[in-house]
Amino acid sequence: MSALTGLKVLELGTLIAGPFAARIFGEFGADVIKVETPHGPDGSGGGDPIRSWRHLHEGNSLWWTVQARNKQSIALNLKDPRAREIARQLALDADVVVENYRPGVLEKWGLGYEQLRAVNPALIMVRLSGYGQTGPMKDQPGFGAIGDSIAALHGVIGAMMALRHRDATGGRWNGKQGADCQAGQGQMVDVALYEAVFNMMESLVPEYDVAGVVRERTGGALPGIVPSNTYTTRDGQNIVIAGNGDAIFHRLMRAIGRDDLATDPALVRNDGRARRVEEIDGAIQQWCGARGIEEALGILKGADVPVGKIYSVADMFSDPQFLARRMIEQHRFPDGTPVKLPAVVPKLSETPGETRWVGPRLGEHTEEVLKSLGYDSAAIEELAKTGAIGLPDN
């Protein structure tokens, strides 16, 4: 068994935030059903837009291979009330619904949290949006590159907390209503992209409130934590050096031949170093600029100074640490073409995650999922003919 075997997740979302959250559930064994838009009558469009982003293989992006691994794809035209009823059935049978539409869209379709909760009080809905479900900016769209992924992680964390609470208060809904309804307490996990990034801001708020400091852009440096920066070597490579611990700073300065700075009493503590950051950074950059990457790394590692090269993906593929930790997995597309994928993280000792299959074709599991809901072949064919659903290769 995997860590989340038996957990049912419905994904109503596109692109990054919602799908990344659902992907994590799937990597650890949950049954994830992803709802996608079918192709139009002329065969155009359809599917999560990320299917066509960047480099393609057999009509789908290589990104899709990772973002949709372990998911089942069902193609539903949610503009059609019959398709919305299918989505509603799936949502009510799910433990977790993950969505990243603009606030209010699901409510218009009868799939909002309060509407579903009225039937299934144990339901957990993870809602990811640019600015959250409330407030004056809630209706504005929001995208944030890495912010989407950070928001997705917060969504999964919130969902796992909510699942723990649900199970402690009665468990999964038994499918009955009224007096026979038995269920734990579900809840909505409301994640705003800007708040997920805001949560990463360390001491930003109290520094402004108490000290009046407005932190600005600083590139690769950590302001006020010295030395911590990115430096360029003679051969044009970039390395990160974190010499901010007091003892580490002493070792670093001796390693680069600056005993005068190593023994300067004004630089023993970080607050003193912060006042002379330009001098210290200049000394380190001068030393790095006179050496190739391998020489610089060798000397600093020998001095037990935290240092690392900024990797390209090519470096990752051959790095002994990546290989020892099995961070690159080998898989194959359905046509037999080999493809390497990033391994699943975090690493669990007893129930590790895994890639069971790569991203599916659009609507690959539509028929399978509908039959599990009680639809027969004739009903499925009729829904496909009228455009309410999409089947593979249609």
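Accessible areas here come from the Shrake-Rupley method with a 1.4 Å probe. On that basis the protein chain exposes about 20,400 Å², and carbon and sulfur atoms supply 54% of this area. The model is a predicted one.

**The chain as a whole**

The protein chain has 394 residues, and buried residues make up 42% of them. Its secondary structure comes to 17 helices and 14 strands. Along its principal axes, the C-alpha trace spans about 85 × 50 × 40 Å. Among contacts between residues at least 6 apart in sequence, 65% join residues at least 24 apart.

**The sheet of seven strands**

An open sheet is built from 7 strands in the order S8-S7-S6-S1-S2-S5-S14, and its pairing is mixed. At the edges stand strand S8 (187–192) and S14, each of which pairs on one side only. Helix H3 (residues 81–93) packs on this sheet and touches strand S1 (8–12), S2, S5, strand S6 (96–99) and S14. The direction of H3 makes about 150 degrees with that of S5. Helix H6 (residues 146–168) lies across S6, strand S7 (124–129) and S8, and H6 runs at about 165 degrees to S8.

Strand S5 (residues 71–76) can be followed in more detail. How many of the residues of S5 are buried? The strand is mostly covered, with 6 of its 6 residues buried. Lys71, Ser73 and Ala75 point one way from S5, while Gln72, Ile74 and Leu76 point the other way, and all are buried.

S5 has a partner in strand S2 (residues 31–36), and these two pair in the parallel sense over 5 bridges. Within this pairing, isoleucine 33 stands opposite glutamine 72 in S5, and valine 35 stands opposite isoleucine 74. S5 also pairs with strand S14 (residues 389–390), in the antiparallel sense and over 2 bridges. There, the bridge partner of alanine 75 is glycine 390 in S14.

**The sheet of three strands**

Another open sheet consists of 3 strands in the order S9-S10-S11, with antiparallel pairing. Its edge strands are strand S9 (228–232) and strand S11 (307–309), each pairing on one side only. Neighbouring strands of this sheet are turned by 20 degrees against each other on average, direction ignored. Strand S10 (residues 238–242) and S11 run antiparallel and are joined by 3 bridges. Valine 240 has glycine 308 in S11 as its bridge partner. Helix H12 (residues 277–289) packs on the sheet, where it touches S9 and S10. Helix H13 (residues 293–302) packs on the sheet as well, touching S10 and S11.

| H3 (residues 81–93) | S5 | about 150 degrees |

**Residues at the surface**

A nonpolar surface patch of about 410 Å² is made by Val197, Phe198, Met200, Met201 and Val205. One of these residues, valine 197, is found in helix H7 (residues 193–198). Is valine 197 partly exposed or buried? Its relative accessibility is 31%, so valine 197 counts as partly exposed. Patches are made of residues with over 30% relative accessible area.

Helix H8 (residues 204–211) is also part of the surface picture. Why does H8 lie largely in the open? The number of buried residues among its 8 is 0, and therefore H8 lies largely in the open. After H8 comes glycine 212, whose phi is positive, near 70 degrees.

Glutamate 114 is found in helix H5 (residues 113–117). This residue is exposed, with a relative accessible area of 53%; the cut-off for exposed is over 50%. Glutamate 114 and methionine 188 are 74 residues apart in sequence, and their C-alpha atoms are 9.2 Å apart in space.

Technical notes:
Residues numbered from 1 in each chain as written. Predicted model: local features only at pLDDT ≥ 70, side-chain atom pairs only at ≥ 80, totals over all residues. Heavy atoms only, no water. Patch = residues over 30% accessible without salt bridge, like charges linked within 9 Å, V, L, I, M, F, W, Y side chains within 5 Å. Salt bridge = Lys/Arg side-chain N within 4 Å of Asp/Glu carboxyl O. Helix = DSSP H or I, 4+ residues; strand = E, 2+ residues; numbered from the N terminus. Buried < 20%, exposed > 50% of the residue type's maximum accessible area, 1.4 Å probe, protein only. Pairing = 2+ DSSP bridges. Axes fitted to C-alpha atoms, helices over the stretch in contact; angles between N-to-C directions. Contact = heavy atoms within 4.5 Å.
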